Amino acid sequence: MGRYNYERRPSLRVAVGNTAIGGTEPIRVQSMTNTPTLDTEASVAQACRIAEAGADLVRLTAQGVQHARNLGNIRRELRARGVETPLVADIHFNATAAFAAAEEVEKVRINPGNFVDPGRTFKKLSYTEEEYAAEIEKIREKLVPFLELCREHGTAIRLGVNHGSLSDRIMSRYGDTPAGMVESVMEYLRICREVGFNDIVISIKASNVVVMTETVRLLAATMKDEGMNYPLHLGVTEAGDGEDGRVKSAVGIGSLLADGLGDTIRVSLSEAPEAELPVARELVAHISRIASAPEITGAVDRCPHKYGERRMSEAVGAIGGDNVPAVEGVDFRGDELGEGIIVVSSDHDNRIGDIRAQIDAIEPEDKRPVVIRLRYPETMSAEETSLAAATDFGALLLEGYRDGIWLETPSLTEEEARSLAMTILQATRTRITKTEFIACPGCGRTLFDLQSVLAKIKAACSHLTGLKIGVMGCIVNGPGEMADADYGYVGAAAGNVSLYKGKECVMKNIPADEALPRLIELIKANGDWKDA
Ligand code: SF4
């Protein structure tokens, strides 16, 4: 695959109600309601707003059979109001609800980590070959009838794996790794293929952008090796809100889309679901600009799932070598760089390809640091520029070009441009300068007002540079999905919160109004607090 010229990965076209994902279809955008699924009126109203904001699909959680059945009422009411957008049921830990949902909506998401397996219990840490094979057989026994039901009703499925929700069985053999997440999907895909069921979309998500992008690339390569080309749904889970959430999503989703991977996307923000759609649409628009840009020649064949190793250079002051990526306006001034530093610049629509071509043209023995300077015109708004820069710089940083970045745009003030550059570096985990909040977007399971709680926790903890704090709406998926957070604030029951230190629940069911001071106490007790 030529990597400088845009080339979309070929995928199967999967029909989902009146739309389709994959093949030559446009990249579809979607979001998810956060209303209780049993509240038909509220869910219908929010689904209407999501559809009006441009979503091609709307997902709703269905934690039980009753919820799954109510999706039928929601769907009928939407159709009665003239909204034809296909609905997707989101299922965890309840295969019976998946069977019910398959009769009610156009697509059902199941999580291979908990469709049959009970999720991670840490109780069984090793499996013999026979035990492992017996577990796969159990999956087959439940999955095949589910696929037959979906076939009967014309229902598509999404196999959606999340970092942190792998089964004990997968963990025993692969650990919590990209290879484990990929195998978790592949086990299901092989069974689907055996029975000739192909209406499948795949997602593998993580809140850690580096893990997410690496795993999706590995999945695409593994599917290719096994002769499969199911469409890919991309997303960064628990991305949070505001600029941090948008930048994280753009780095993760945008950098994969720019390499031709991805057929549908969901930007997960801890905000109103409608707010996700303009971001998703702009990411797709940016990729369209890359795809339709004039060719950049000099393409070489590079395996799309492999990152380049960091391009090693010899440091010049604070730039290059083992230094963290330097930022123009913070660590150096662009107009003062001498000949000891190579500056590669681009304002081409395909900036990623243009920069790759320029860096590949540098002689291997030339060890001068390379500063990447990307320029965006005043015709792009601040929001468009931020998402484009996060995608472009993010792709190049993840690929190993990490000496320095220089963002030039009239659409942002110098201060805004510096802040954006730092946020991009944080998202790629190449330079940590602030607290990372791993906050879920909320859904019908959410047990507290996510947006206001997140705002309060951010106000109290934003100065704790380097800490990762999870803020998760429910106990069902929250603890697993906050993955590598140092501390966690998790909705435990209505009005109650549980606090986590790493993966361990250390304070259970404390009243919500005491939870933030107790979280601060917990951070202090572990020596991780510092005064602002
Ligand atoms: S962690 Fe958040 S988004 Fe995920 S299921 Fe729970 S409430 Fe919903």
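Helices (H or I, at least four residues) and strands (E, at least two) are DSSP runs, numbered from the N terminus. The views show a predicted model, in which local features need pLDDT of at least 70 and side-chain atom pairs count only at pLDDT 80 or more, while totals for chains, interfaces and linings use all residues. Residues are numbered from 1 along each chain as its sequence is written.

**View 1. Leu60 in strand S4.** Leu60 lies in strand S4, which covers residues 57–61. A residue is called buried if 20 or more other C-beta atoms lie within 10 Å of its own, exposed if 12 or fewer, and partly exposed in between, with C-beta atoms placed from the backbone. Leu60 counts as buried because it has 27 C-beta neighbours inside 10 Å. Two residues are in contact if their C-beta atoms, placed from the backbone, lie within 7 Å; leaving aside neighbours within four places in sequence, the contacts of Leu60 include Met32, Thr33, Leu71, Ile74, Leu87 and Gly444.

**View 2. Strand S6 and its two partner strands.** Two strands pair if DSSP finds at least two bridges between them. Strand S5 (residues 87–90) runs parallel to S6 and is joined to it by three bridges, with Val88 standing opposite Lys107 in S6. S6 also pairs in the parallel sense with strand S7 (residues 156–162), over four bridges, and here Val108 stands opposite Ile157 in S7.

**View 3. Helix H3 between S5 and S6.** S5, helix H3 (residues 95–102) and S6 make a right-handed β-α-β unit, where right-handed says that, with the strands pointing away from the viewer, the path from the first strand over the helix to the second runs clockwise. The buried residues of H3 are Ala97, Ala98, Ala100, Ala101 and Ala102, and what covers them includes helix H2 (65–80), S5, S6 and helix H4 (129–153).

**View 4. The open sheet of four strands.** This sheet has the order S11-S14-S13-S12, with parallel pairing. Strand S11 (326–327) and strand S12 (342–346) stand at the edges, each with a single partner strand, so one side of each is left without a neighbour in the sheet. S11 is joined by two bridges to strand S14 (residues 404–408), which runs parallel to it, and Val327 stands opposite Ile405 in S14.

**View 5. Helix H10 and its surroundings.** Helix H10 (residues 351–360) is largely enclosed by the rest of the structure, because seven of its ten residues are buried. Among these buried residues are Arg351, Asp354 and Arg356. The buried residues of H10 pack against helix H8 (242–258), helix H9 (276–291), S12, strand S13 (370–375) and helix H11 (382–398).

View 6. The protein chain is divided into domain 1 (14–237), domain 2 (326–427) and domain 3 (436–525), with bounds that come from an automatic or database domain assignment.

**View 7. The shell around the ligand.** In this view 13 residues surround the ligand, and the closest are Cys440, Cys443, Gly473, Cys474 and Asn477; a residue is near a molecule if its C-beta atom, placed from the backbone, lies within 6 Å of it.
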